[in-house]
Amino acid sequence: MPSVQLTARLRDDYKILFNNCDIRPERSQEVEGIVRKIDANRARYDKVETSLGVPWFVVAVTHNMEASLNFTKHLHNGHPLTARTVQVPAGRPKTGNPPFTWEQSAADALTLKGLSADTDWSLSGTLYRLEGYNGWGYRLFHPDVSSPYLWSYSNQYRSGKYVADGTWSDTAVSKQCGAAAILRRMAEKLMFEFPDQPLPREDSEPLVVAHSNRKSRDPATVKRAEELQRWLNSFDGIFVKVDGIPGDGTSEAYKKVAGHYLPGDPRA
(Lines give C-alpha, C1' and ligand atoms only; values in the text may rest on other atoms or scores of the structure.)
Protein backbone atom coordinates (compact mmCIF):
# COMPACT_ATOMS: atom_id res chain seq x y z
CA MET A 1 0.00 0.00 0.00
CA PRO A 2 1.30 3.48 -0.76
CA SER A 3 2.22 5.61 2.23
CA VAL A 4 0.36 8.59 0.75
CA GLN A 5 -3.29 8.34 -0.26
CA LEU A 6 -4.77 10.15 -3.26
CA THR A 7 -7.24 12.29 -1.35
CA ALA A 8 -9.50 14.97 -2.84
CA ARG A 9 -7.13 17.59 -1.43
CA LEU A 10 -4.11 15.96 -3.07
CA ARG A 11 -6.01 15.71 -6.37
CA ASP A 12 -6.67 19.45 -6.25
CA ASP A 13 -3.03 20.12 -5.37
CA TYR A 14 -1.83 18.22 -8.44
CA LYS A 15 -4.29 20.04 -10.69
CA ILE A 16 -3.27 23.48 -9.40
CA LEU A 17 0.42 22.72 -9.81
CA PHE A 18 -0.03 21.33 -13.32
CA ASN A 19 -2.37 24.07 -14.53
CA ASN A 20 0.08 26.73 -13.36
CA CYS A 21 3.22 24.94 -14.51
CA ASP A 22 5.61 26.89 -16.74
CA ILE A 23 8.88 25.58 -18.13
CA ARG A 24 11.80 27.73 -17.03
CA PRO A 25 13.00 29.72 -20.06
CA GLU A 26 16.61 28.61 -19.65
CA ARG A 27 15.47 24.97 -19.80
CA SER A 28 12.96 25.26 -22.64
CA GLN A 29 15.25 24.03 -25.41
CA GLU A 30 16.30 20.99 -23.39
CA VAL A 31 12.66 20.14 -22.70
CA GLU A 32 11.84 20.54 -26.40
CA GLY A 33 14.60 18.07 -27.22
CA ILE A 34 13.20 15.50 -24.80
CA VAL A 35 9.71 15.90 -26.23
CA ARG A 36 11.00 15.48 -29.80
CA LYS A 37 12.76 12.23 -28.85
CA ILE A 38 9.62 10.94 -27.17
CA ASP A 39 7.54 11.77 -30.23
CA ALA A 40 10.04 10.06 -32.53
CA ASN A 41 9.68 6.81 -30.55
CA ARG A 42 5.93 6.97 -30.05
CA ALA A 43 5.43 3.57 -31.74
CA ARG A 44 7.47 1.75 -29.09
CA TYR A 45 5.55 3.37 -26.27
CA ASP A 46 2.28 2.59 -28.04
CA LYS A 47 3.27 -1.07 -28.12
CA VAL A 48 3.61 -1.14 -24.33
CA GLU A 49 0.25 0.60 -23.94
CA THR A 50 -1.38 -1.99 -26.19
CA SER A 51 0.14 -4.79 -24.13
CA LEU A 52 -0.45 -3.47 -20.60
CA GLY A 53 -2.94 -0.63 -20.89
CA VAL A 54 -0.53 1.87 -19.33
CA PRO A 55 -0.84 5.12 -21.33
CA TRP A 56 2.00 5.65 -23.79
CA PHE A 57 2.80 9.09 -22.39
CA VAL A 58 3.28 7.62 -18.90
CA VAL A 59 5.61 4.96 -20.31
CA ALA A 60 7.54 7.66 -22.16
CA VAL A 61 8.12 10.02 -19.25
CA THR A 62 9.02 7.10 -16.96
CA HIS A 63 11.53 5.99 -19.58
CA ASN A 64 13.08 9.45 -19.54
CA MET A 65 13.23 9.59 -15.74
CA GLU A 66 14.68 6.12 -15.25
CA ALA A 67 16.80 5.59 -18.36
CA SER A 68 17.16 8.97 -20.15
CA LEU A 69 15.18 7.57 -23.12
CA ASN A 70 17.89 4.97 -23.73
CA PHE A 71 16.41 1.79 -25.23
CA THR A 72 19.42 -0.30 -24.12
CA LYS A 73 18.57 0.25 -20.43
CA HIS A 74 16.06 -1.29 -18.02
CA LEU A 75 12.98 0.82 -17.32
CA HIS A 76 13.28 -0.26 -13.66
CA ASN A 77 16.39 1.78 -12.91
CA GLY A 78 18.51 2.36 -16.00
CA HIS A 79 20.72 -0.71 -15.71
CA PRO A 80 21.93 -2.37 -18.95
CA LEU A 81 19.57 -4.85 -20.61
CA THR A 82 22.49 -7.25 -21.02
CA ALA A 83 21.89 -8.54 -17.48
CA ARG A 84 19.24 -8.54 -14.77
CA THR A 85 19.02 -5.42 -12.65
CA VAL A 86 21.57 -5.19 -9.85
CA GLN A 87 20.25 -2.48 -7.54
CA VAL A 88 16.70 -1.93 -6.26
CA PRO A 89 14.70 -3.53 -7.68
CA ALA A 90 17.39 -6.18 -8.06
CA GLY A 91 17.23 -9.34 -10.16
CA ARG A 92 14.59 -8.12 -12.62
CA PRO A 93 13.07 -9.47 -14.75
CA LYS A 94 12.95 -12.73 -12.81
CA THR A 95 11.94 -14.79 -15.84
CA GLY A 96 13.65 -15.08 -19.22
CA ASN A 97 17.32 -14.77 -20.00
CA PRO A 98 19.42 -11.72 -20.81
CA PRO A 99 19.89 -9.81 -22.94
CA PHE A 100 16.32 -8.60 -22.54
CA THR A 101 14.42 -6.48 -25.01
CA TRP A 102 13.42 -3.04 -23.84
CA GLU A 103 9.75 -4.03 -24.18
CA GLN A 104 10.27 -7.06 -21.89
CA SER A 105 11.91 -4.88 -19.27
CA ALA A 106 9.27 -2.18 -19.55
CA ALA A 107 6.44 -4.67 -19.09
CA ASP A 108 8.16 -6.17 -16.04
CA ALA A 109 8.87 -2.77 -14.45
CA LEU A 110 5.36 -1.43 -14.87
CA THR A 111 3.72 -4.67 -13.76
CA LEU A 112 5.97 -4.73 -10.69
CA LYS A 113 4.59 -1.29 -9.80
CA GLY A 114 1.04 -2.61 -10.15
CA LEU A 115 0.24 -0.38 -13.14
CA SER A 116 -2.34 -1.42 -15.72
CA ALA A 117 -5.32 -0.25 -17.75
CA ASP A 118 -7.36 -0.27 -14.51
CA THR A 119 -5.11 2.33 -12.85
CA ASP A 120 -6.52 5.83 -12.40
CA TRP A 121 -4.90 7.71 -15.29
CA SER A 122 -6.65 11.01 -14.71
CA LEU A 123 -4.43 14.08 -14.50
CA SER A 124 -4.12 13.78 -10.73
CA GLY A 125 -3.98 9.99 -10.80
CA THR A 126 -1.12 10.07 -13.30
CA LEU A 127 0.95 12.54 -11.29
CA TYR A 128 0.25 10.54 -8.12
CA ARG A 129 1.54 7.35 -9.72
CA LEU A 130 4.62 9.07 -11.13
CA GLU A 131 5.50 10.64 -7.79
CA GLY A 132 4.98 7.28 -6.11
CA TYR A 133 7.27 5.62 -8.67
CA ASN A 134 10.14 7.67 -7.25
CA GLY A 135 8.99 7.57 -3.62
CA TRP A 136 7.18 9.77 -1.09
CA GLY A 137 10.17 11.21 0.76
CA TYR A 138 9.59 14.75 -0.44
CA ARG A 139 5.90 14.88 0.39
CA LEU A 140 6.30 13.13 3.76
CA PHE A 141 9.48 14.74 5.09
CA HIS A 142 9.97 17.92 3.03
CA PRO A 143 6.45 19.05 2.07
CA ASP A 144 7.72 22.56 1.35
CA VAL A 145 9.58 21.19 -1.70
CA SER A 146 7.58 19.92 -4.66
CA SER A 147 9.19 16.69 -5.81
CA PRO A 148 11.80 17.42 -8.51
CA TYR A 149 10.97 14.01 -9.99
CA LEU A 150 7.78 15.75 -11.14
CA TRP A 151 8.51 19.48 -11.24
CA SER A 152 12.21 20.07 -11.91
CA TYR A 153 12.85 22.54 -14.77
CA SER A 154 9.56 24.29 -14.01
CA ASN A 155 8.43 27.21 -11.88
CA GLN A 156 7.06 24.71 -9.33
CA TYR A 157 10.55 23.71 -8.14
CA ARG A 158 13.63 25.69 -7.08
CA SER A 159 15.93 23.65 -4.89
CA GLY A 160 16.14 20.87 -2.33
CA LYS A 161 16.75 17.21 -3.07
CA TYR A 162 18.01 13.93 -1.77
CA VAL A 163 21.67 13.68 -2.81
CA ALA A 164 21.87 10.06 -1.61
CA ASP A 165 19.54 7.58 0.06
CA GLY A 166 18.30 9.35 3.20
CA THR A 167 20.67 12.31 2.72
CA TRP A 168 18.93 15.66 2.20
CA SER A 169 20.30 18.98 0.95
CA ASP A 170 18.33 22.24 1.01
CA THR A 171 20.60 23.83 -1.59
CA ALA A 172 21.08 21.00 -4.07
CA VAL A 173 19.18 21.44 -7.34
CA SER A 174 17.96 18.62 -9.55
CA LYS A 175 19.68 18.49 -12.93
CA GLN A 176 17.04 16.20 -14.45
CA CYS A 177 13.84 17.42 -16.08
CA GLY A 178 10.76 16.46 -14.08
CA ALA A 179 8.09 14.14 -15.44
CA ALA A 180 5.26 16.64 -14.93
CA ALA A 181 7.22 19.35 -16.73
CA ILE A 182 7.57 17.07 -19.74
CA LEU A 183 3.88 16.16 -19.63
CA ARG A 184 2.95 19.82 -19.43
CA ARG A 185 4.90 20.59 -22.61
CA MET A 186 3.46 17.52 -24.35
CA ALA A 187 -0.03 18.64 -23.37
CA GLU A 188 0.66 22.13 -24.69
CA LYS A 189 1.60 20.53 -28.02
CA LEU A 190 -1.65 18.48 -28.00
CA MET A 191 0.28 15.20 -28.05
CA PHE A 192 -2.16 13.48 -25.67
CA GLU A 193 -5.12 14.14 -23.38
CA PHE A 194 -5.88 12.90 -19.89
CA PRO A 195 -9.07 10.80 -19.65
CA ASP A 196 -10.66 13.31 -17.28
CA GLN A 197 -9.39 16.30 -19.27
CA PRO A 198 -10.64 15.71 -22.84
CA LEU A 199 -10.07 18.44 -25.36
CA PRO A 200 -13.11 20.73 -25.31
CA ARG A 201 -15.65 20.28 -28.07
CA GLU A 202 -18.09 23.06 -27.13
CA ASP A 203 -18.36 26.30 -29.09
CA SER A 204 -17.90 29.58 -27.29
CA GLU A 205 -16.55 33.03 -27.97
CA PRO A 206 -13.26 33.77 -26.21
CA LEU A 207 -10.94 36.72 -26.28
CA VAL A 208 -9.55 37.23 -29.77
CA VAL A 209 -6.13 38.35 -30.99
CA ALA A 210 -4.58 38.05 -34.43
CA HIS A 211 -2.42 35.02 -35.15
CA SER A 212 1.32 35.71 -35.06
CA ASN A 213 4.39 33.56 -34.40
CA ARG A 214 6.32 36.60 -33.16
CA LYS A 215 5.98 38.55 -29.97
CA SER A 216 4.49 41.98 -30.49
CA ARG A 217 6.36 45.11 -29.44
CA ASP A 218 3.09 46.55 -28.19
CA PRO A 219 2.70 45.73 -24.44
CA ALA A 220 -1.10 45.93 -24.71
CA THR A 221 -1.14 43.35 -27.51
CA VAL A 222 1.17 41.06 -25.54
CA LYS A 223 -1.06 41.38 -22.50
CA ARG A 224 -4.12 40.58 -24.62
CA ALA A 225 -2.42 37.45 -25.98
CA GLU A 226 -1.49 36.33 -22.47
CA GLU A 227 -5.09 36.85 -21.35
CA LEU A 228 -6.25 34.69 -24.24
CA GLN A 229 -3.77 31.96 -23.33
CA ARG A 230 -4.84 31.99 -19.69
CA TRP A 231 -8.46 31.83 -20.81
CA LEU A 232 -7.73 28.83 -23.00
CA ASN A 233 -5.95 27.13 -20.09
CA SER A 234 -9.19 27.37 -18.08
CA PHE A 235 -10.67 24.61 -20.26
CA ASP A 236 -10.05 20.98 -19.31
CA GLY A 237 -7.60 19.38 -21.68
CA ILE A 238 -6.10 22.66 -22.94
CA PHE A 239 -2.52 23.47 -21.96
CA VAL A 240 -1.06 26.54 -23.64
CA LYS A 241 2.23 28.20 -22.83
CA VAL A 242 1.53 31.72 -21.54
CA ASP A 243 4.16 33.65 -23.48
CA GLY A 244 2.21 36.44 -25.16
CA ILE A 245 2.78 34.94 -28.60
CA PRO A 246 -0.53 33.94 -30.25
CA GLY A 247 1.20 31.46 -32.56
CA ASP A 248 0.32 28.09 -34.02
CA GLY A 249 -0.13 26.31 -30.67
CA THR A 250 -2.41 29.01 -29.29
CA SER A 251 -4.37 29.07 -32.55
CA GLU A 252 -4.80 25.29 -32.47
CA ALA A 253 -6.06 25.45 -28.88
CA TYR A 254 -8.42 28.26 -29.88
CA LYS A 255 -9.81 26.07 -32.65
CA LYS A 256 -10.51 23.31 -30.12
CA VAL A 257 -12.62 25.74 -28.12
CA ALA A 258 -14.18 28.03 -30.72
CA GLY A 259 -14.20 25.77 -33.77
CA HIS A 260 -11.85 27.90 -35.90
CA TYR A 261 -8.31 29.24 -35.91
CA LEU A 262 -7.30 32.74 -34.81
CA PRO A 263 -7.80 35.54 -37.35
CA GLY A 264 -4.83 35.71 -39.67
CA ASP A 265 -3.84 32.06 -39.28
CA PRO A 266 -3.03 30.81 -42.83
CA ARG A 267 -4.74 27.51 -41.98
CA ALA A 268 -8.06 29.30 -41.42
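## Helices α10 and α11

Helix α10 crosses α11 in a left-handed sense (left-handed: the near helix is turned anticlockwise from the far one by less than a right angle; right-handed: clockwise). Helices here are DSSP runs of H or I with at least four residues, strands are runs of E with at least two, and both are numbered from the N terminus. The model is predicted, with local features needing pLDDT of at least 70 and side-chain atom pairs pLDDT 80 or more, while totals for chains, interfaces and linings use all residues. Residues are numbered from 1 along each chain as its sequence is written, and side-chain values use heavy atoms, without hydrogens and water.

The axes of α10 (residues 219–233) and α11 (residues 248–258) come within 10 Å and cross at roughly 50° (axes are lines fitted to C-alpha atoms, for helices over the stretch in contact; angles run from 0 to 180 degrees between N-to-C directions). That angle makes α10 oblique to α11 (under 35 degrees is roughly parallel, over 145 roughly antiparallel, 65 to 115 roughly perpendicular, the rest oblique). In α10 the contact (heavy atoms within 4.5 Å) involves L228, Q229, W231 and L232, and in α11 it involves T250, A253, Y254 and V257. Six of these residues are nonpolar, two are polar and none is charged.

## Helices α3 and α4

Helix α3 (residues 42–52) packs against α4 at an angle of about 115°, and their axes are 8 Å apart. This crossing is right-handed. From α3, the residues R42, Y45, D46, V48 and E49 meet W56, V59, A60 and H63 of α4. The contact of α3 with α4 has five nonpolar, one polar and three charged residues.

## The largest pocket

The largest pocket holds about 1000 Å³ of space. A pocket is an open set of points on a 1 Å grid over the protein atoms alone, where a 1.4 Å probe fits, with protein on both sides within 12 Å along at least five of seven lines; lining residues have an atom within 4 Å of a point. Of its 30 lining residues, E66, Y133, N134, Y149 and D165 are the closest to the centre. Elements giving two or more residues to this lining include α4 (56–67), α6 (123–134) and β1 (161–164).

## The second largest pocket

The second largest pocket has a volume of about 430 Å³. Among its 20 lining residues, R185, K241, D243, I245 and G249 lie nearest the centre. Helices α2 (28–40), α9 (179–188) and α11 each give two or more residues to the lining.

Key
Ala, Val, Leu, Ile, Met, Phe, Trp, Tyr, Cys and Pro count as nonpolar, Asp, Glu, Lys and Arg as charged, and the others, Gly among them, as polar. Grid points are joined across faces, edges and corners, and a volume is the space filled by probe spheres set on the points.
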